[in-house]
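Here are some notes to read alongside the model. Have a look at it, then work through the points below.

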Amino acid sequence: MLLQDTALIYGRYLRQSLRSRFALLFGLLMPLLYLCFFGPLLTGLPLGGQGSSWQLLVPGLLLQLGLFGASFAGFSIIIENSQGVVERMRVTPVSRLALLLGRVLRDTTVFVFQAVLLVLAAVAMGLRAPLGGVLIGFAFVALLTVSLGSLSYAMAMKVHTPQEFGPLVNAMTMPSLLLSGLMLPMSLAPAWLDVLSHLMPFRYLVDAVRDAYVGSYTTGHMLHGVLVALGLSGLAVTVGTRVFRTAGA
């Protein structure tokens, strides 16, 4: 029943996304602008890491796509909540976990699709990376979307207006952007900032994807990234499911 319910919710929201093709492409705009206007500035600079500047920048942009896209996913459920859609779904026999997973898996599909388009654009601009590393990058985008999407929906169920939700999301995403090394490796930072960045879970995901893009699959960065991504996903889905069961009860 869980699989059937999840497929039902997933199909409903995926059809909504497919009807809004402009939104699909617009969500790719910010990482694409970074790729086009920021990427060429890094060419030839000593960035303190393995591989080319594109192999350092593109993994960060992939995770930036998941970070901002999934974190703001909860806006849609605030609107549904105000219109009574969520309450009508919750009085049906459908699994509470399916109510969350259907939405999160839709978001995962959308952001992985956008990640594929971003990588294709990067290849056209000069990115060269092993296929295995590229696929690992997509997997990390999917896990990050599951984690942040679940937390975003859980947080949105606890607030009542977009005016409350927006500042909460910004308070979470901005430190993540600045301290995880999405744009440039934290090895370039002062020692105190590099140490502080290790308290940010997304730092481990970024390092793992960058290693994958240069063909290093057995490093400590990869192991730490996988463990953090899986642990964060499990915790976020658990929290999100509990909120869907209890919010408004």
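1. Does D194 count as buried, exposed or partly exposed? At 22% relative accessibility, D194 counts as partly exposed; buried means under 20% relative accessible area, exposed over 50%, and partly exposed lies in between (1.4 Å probe, protein chains only).

2. Before going on, some ground rules. This is a predicted model, where local features need pLDDT of at least 70, side-chain atom pairs count only at pLDDT 80 or more, and totals for chains, interfaces and linings use all residues. Residues are numbered from 1 along each chain as its sequence is written, and side-chain values use heavy atoms, with hydrogens and water left out.

3. D194 also has a charged partner: a salt bridge links D194 to R203, with the closest N and O atoms 2.9 Å apart. (A salt bridge here is a side-chain nitrogen of Lys or Arg within 4 Å of a carboxyl oxygen of Asp or Glu.) R203 has 8% relative accessibility, so R203 counts as buried.

4. R203 meets D207 in a salt bridge as well, at 2.8 Å from N to O. The two sit 4 residues apart in helix 12 (residues 201–213), so about one helical turn separates R203 and D207. Helices are DSSP runs (H or I, at least four residues), numbered from the N terminus. D207 is buried, with a relative accessible area of 15%.

5. R106 and D107 form another salt bridge, their closest N and O atoms being 2.8 Å apart, and both residues are buried. In total, the structure holds 5 salt bridges.

6. Now take helix 8, residues 96–125. At 1.5 Å a residue, its 30 residues should span 44 Å, and the end C-alpha atoms are 44 Å apart, which agrees. The expected span is 1.5 Å times one less than the number of residues. Just after helix 8, G126 takes a positive phi of about 130°.

7. Last, the aromatics. Rings of Phe, Tyr and Trp (its six-membered ring) pair if their centres lie within 6.5 Å; planes under 30 degrees apart count as stacked, over 60 as edge-to-face and the rest as tilted. This rule gives 3 aromatic pairs. Y34 and F38 have ring centres 6.3 Å apart and planes at 90°, so they are edge-to-face. For F72 and F75 the centres are 5.9 Å apart and the planes at 5°, so that pair is stacked. F72, F75 and F165 form one aromatic cluster.
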